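Subject: Structure handover

Hello,

Here is the structure for you to look over.

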Amino acid sequence: MTKTSTAPVLSVRELNRATLARQLLLRRVVLSAQDAVEHLVGLQAQNVKPPYYALAARLEGFAPQELSAAMEAREVVRIVTMRSTIHTHTADDCLTLRPLVQAARERELYGFRHGLAGVDLDRLASISRELVEAEPRTMKQLREALLVEWPDADPAALAIAARCRLPLVQVTPRGLWGRSGQVALTTAEHWLGRPSEPAPAPDATVLRYLAAFGPASVKDMQTWAGLTRLREAFERLRPQLVTFADEHGVELFDLPDAPRPDAGTPAPARLLPEFDNLLLSHADRSRVVSADHKGRTWRGNQAYPTLLVDGFLAGVWRLEETGGRAVLTVEPFGTLTDRQRAEVTEEAERTLTALSESPDTASTASPPPSPSAPVSYDIRFGTVVRD
């Protein structure tokens with residue numbers, strides 16, 4: 001990270017408030033689900049529900065079926081992009097961001113080189129494209145078909161190579177609210193009916209990243225994108241950007257007119273999904289996660305949805321739904337004041353209300369899904385992460 005001694009210094013709380021403002025987490029905003037996904041440059045989506053939880057925390061009047069309908073209309077898709085993880089993107093971003101990170105997907109294949117010995121990767125991509133465009137295929141089906149061509153290769157490596165070489169989207173009903181099915185894949189071009197864009201210069205994405213996550217360092221964006229060597233793009237853009245330093249002297253870039261609220265700006269409690277973009281998109285996460293709480297949002301392979309209090313990570317939560325009833329349990333990492341406890345309870349009620357969207361807002365293109373959240377619920381403070 002480049003250090004500077006002349007730029008204005010932003011405190012941790014100032015960085016926190018600026019990032020929360022960009023992430024639509026200081027106050028809920030009136031924005032369509034599709035526009036929010038675009039502004040946020042995608043939503044982390046390893047599982048089906050996290051994008052819905054993420055938008056419920058950010059948008060005024062959010063109804064899950066709005067995102068679901070956009071996905072069904074192929075205006076929004078699920079695809080592997082940044083950091084080799086599944087993201088929910090608009091169709092336009094799918095066709096531009098995936099080419100941007102393609103070099104990183106190629107590098108990913110190096111880790112599977114022994115299982116791919118003797119495999120012609122260009123031919124593998126051609127065969128895989130033909131297979132998934134004939135009909136969507138699961139990873140298991142793709143592995144089995146590719147093994148016919150390369151019986152001595154590692155089956156898992158073959159399917160991963162197809163995923164790295166091709167922009168494979170998860171077709172619906174996977175990802176739809178209340179109707180999700182197994183993962184089946186086809187190419188983005190086939191699903192969206194138009195070709196991918198050539199790999200763009202990163203400059204425009206740098207500006208979008210700063211709008212959604214800034215102020216930020218070069219290393220911050222490289223962490224978010226899973227890319228390297230972005231310094232040149234920042235330097236090209238330097239004349240149109242402003243610079244700051246964090247409390248350690250690291251140089252931060254930002255858009256001149258982007259919001260940078262006062263450190264004392266109130267930040268309401270928020271319930272975020274596991275792996276929310278807010279927690280994963282900076283090399284230095286201290287603007288949201290204190291050193292005391294680092295690593296406390298997962299246990300083994302299990303990641304937990306997260307609680308923000310006063311803008312910072314303050315606990316985890318889980319939602320259990322059985323027999324028409326929901327129990328939302330919050331586990332704070334420390335003692336909450338009476339006011340904070342009431343604020344968390346109010347936010348939990350609001351989240352449950354948003355996620356219990358009535359079927360009358362569903363898309364008319366298909367039968368309405370059954371409501372995901374039960375009518376009755378309990379909100380409890382207890383233990384979420386068990387030993």
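Start with helix 7 (residues 121-134) and helix 9 (residues 155-165) in this predicted model. Their axes come within 9 Å and cross at roughly 80°. Angles of 65 to 115 degrees count as roughly perpendicular, so helix 7 is roughly perpendicular to helix 9. On the helix 7 side, the contact is made by Leu121, Asp122, Leu124, Ala125 and Ser128. Helix 9 brings Leu158, Ala161, Ala162 and Arg165. By class, the residues of this contact are 6 nonpolar, 1 polar and 2 charged.

The largest pocket has a volume of about 400 Å³. It is lined by 21 residues. Closest to its centre are Leu279, Arg285, Val289, Gly295 and Trp298. The lining divides into 10 nonpolar, 5 polar and 6 charged residues.

The second largest pocket holds about 260 Å³ of space. Its lining counts 14 residues, and those closest to the centre are Asn47, Glu274, Gln302, Ala303 and Pro305. Which elements give two or more residues to this lining? They are helix 3 (50-56), strand 10 (302-303) and strand 12 (312-322). Strand 12 gives the most, with 3 residues. Here the lining splits into 8 nonpolar, 3 polar and 3 charged residues.

Best wishes

Notes: Residues are numbered from 1 along each chain as its sequence is written. This is a predicted model: local features need pLDDT of at least 70, side-chain atom pairs count only at pLDDT 80 or more; totals for chains, interfaces and linings use all residues. Side-chain values use heavy atoms; hydrogens and water are left out. Axes are lines fitted to C-alpha atoms, for helices over the stretch in contact, and angles run from 0 to 180 degrees between N-to-C directions. Helices (H or I, at least four residues) and strands (E, at least two) are DSSP runs, numbered from the N terminus. Angles under 35 degrees count as roughly parallel, over 145 as roughly antiparallel, 65 to 115 as roughly perpendicular and the rest as oblique. Contact means heavy atoms within 4.5 Å. Ala, Val, Leu, Ile, Met, Phe, Trp, Tyr, Cys and Pro count as nonpolar, Asp, Glu, Lys and Arg as charged, and the others, Gly among them, as polar. On a 1 Å grid over the protein atoms alone, a cavity is a set of points where a 1.4 Å probe fits but cannot get out, and a pocket is an open set with protein on both sides within 12 Å along at least five of seven lines; lining residues have an atom within 4 Å of a point. Grid points are joined across faces, edges and corners, and a volume is the space filled by probe spheres set on the points.
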